[in-house]
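Me: I have a structure open and would like to learn how to read it. Could you take me through it feature by feature?

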Amino acid sequence: MLAFQAGNLGAFQALFAKYQKKIIQFCHRFCGDQAMAEELAQEVFLNIYRGAAGYRPKARFSTWLFQIAVNVCLNEMRKEKYRHRIDSMDASPETESGKPRIKELCDPAPDQNELLEQQEREMMIQKALMGLPEKQRLALSLRVLNGFSYQEIGTQIRCSESAVKTLIHRGRQHLKELLENLYAGGDKS
Amino acid sequence: MTCPYETWISAFMDGELTPQRADAMADHLAGCHGCKAKYEALTGLDQLLQSLPELKPSEQFERTFWKKVADWEENRSRRRLADWFKRGWRTVLAGSLALFILVFVSVFQGRFTRSLSPEEIILAEQMDVLQQYELINNLEILENWEAIAGEDESS
């Protein structure tokens, strides 16, 4: 990042290549839609590109990067279109382009039934994640899927370490309950 | 009634307890079935989340991103130009004024402090003569003395 700050565009390209999947994944777990997640990830990297001059290496670069991702996700959540997309997410398992998501899930393609089960499981988990309050979802994702420490998460979501501890503990319990309810509902139907 | 150790389960899983508390928690898990069941359930939940397939960025992801960067750079250039036109006129005015003063001073300084011509140098060397300049210059009064004297007589 310091190299990019000094004017080396190649350094930014390397960062973009290294972190793009992680950021898309993070945004996807937050918003539940791939097209939207890609838009959010682009916004994150644009913020990095535009704000390079203001970068100060106080912490790990990834901590700063995910802090920006958190801000972008929270800002987006406040927009009306985000809520609209959440509502439409339940309606269809397809992506916005109209192609079945199933093709994007695995490579090489396993058996059709396995794929359907895998797709269903992923949808259940995603739906459960979407049922969490935003900060619990962010904290849990930063910890479980990205391995940040409580202290780093505190910096990223702007709260104390003890608050992060509570958020993650409650988030896990809440998610467990949501998944149990979803599976129970699925079994009944 | 919930076990007081239950609130430590997540921090224990994440390695965020102090060594003393972590040891106490490990001992507790060996004896408390309720906490052990919760610990295993939450550990399984983490594994479930981590087993989610990784998303592949779409083909247009990178292209769209670099297009956005190019658009932003273009807008920035336009903004800079617009800013220059907004604020630049003051700079241009100040620069023109400074240039005018510089030219004015250099021209007139040359006029006031120009070097002496050869004739002036000769004159300067003959300063003793020049000291008499006024007297010599008034010699024409002597030449026209009769005319002046005549005027005086008539009056």
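Reply: Gladly! Let's begin with the order of elements: from the N terminus on, chain B runs α-α-α-α-α-α-α-α-α. That makes nine helices and zero strands. Keep in mind that this is a predicted model.

Me: How many helices and strands are there in chain A?

Reply: Chain A has ten helices and zero strands.

Me: Next, burial. What share of the residues counts as buried in chain A, and what share in chain B?

Reply: Here a residue is called buried when its relative accessible area is under 20%. In chain A, 48% of the 189 residues are buried. In chain B, 17% of the 155 residues are.

Me: Which residues form a nonpolar patch on the surface?

Reply: Look for Leu97(B), Phe100(B), Ile101(B), Phe104(B) and Val105(B), which together have about 510 Å² of accessible area. Phe100(B) sits in helix 4 of chain B, residues 60-112.

Me: Why does Phe100(B) count as exposed?

Reply: Phe100(B) counts as exposed because its relative accessible area is 54%, and the cut-off for exposed is over 50%.

Me: Now the place where the chains touch. How do I describe an interface?

Reply: The size of an interface is often given as the accessible area lost when the parts come together. Between chain B and chain A, the buried area is about 3700 Å², and 65% of that comes from carbon and sulfur atoms. On the side of chain B, Leu49(B), Leu55(B) and Phe61(B) lose the most area to chain A, together 19% of what that side buries.

Me: How many residues does each chain bring to the contact?

Reply: Chain B brings 33 residues and chain A brings 40 residues.

Me: What about charged and polar pairs?

Reply: Four salt bridges are counted between chain B and chain A. One of them joins Lys21(A) to Glu54(B), whose closest N and O atoms are 3.7 Å apart. There are also 17 residue pairs in polar contact between the two chains.

Me: Which helix of chain B gives the largest share of the side that touches chain A?

Reply: Helix 4 of chain B does, with nine residues. Helix 1 (9-13) and helix 3 (33-50) are also among the elements giving two or more residues to that side.

Key:
Residues are numbered from 1 along each chain as its sequence is written. Chains are lettered from A and ligands numbered from 1 in the order in which they are written. This is a predicted model: local features need pLDDT of at least 70, side-chain atom pairs count only at pLDDT 80 or more; totals for chains, interfaces and linings use all residues. Side-chain values use heavy atoms; hydrogens and water are left out. Patches are made of residues with over 30% relative accessible area and no salt bridge: like charges are joined within 9 Å, nonpolar side chains (Val, Leu, Ile, Met, Phe, Trp, Tyr) within 5 Å. Accessible areas come from the Shrake-Rupley method with a 1.4 Å probe; for residues, only the protein chains shown count as cover. A salt bridge is a side-chain nitrogen of Lys or Arg within 4 Å of a carboxyl oxygen of Asp or Glu. Helices (H or I, at least four residues) and strands (E, at least two) are DSSP runs, numbered from the N terminus. Buried means under 20% relative accessible area, exposed over 50%, partly exposed in between (1.4 Å probe, protein chains only). Contact means heavy atoms within 4.5 Å. Buried area is the accessible area (1.4 Å probe) that two parts lose on being put together, summed over both. A polar contact is a pair of N or O atoms within 3.5 Å; within protein, one must be able to donate a hydrogen and the other to accept it, and residues adjacent in sequence count only if both atoms are side-chain atoms.
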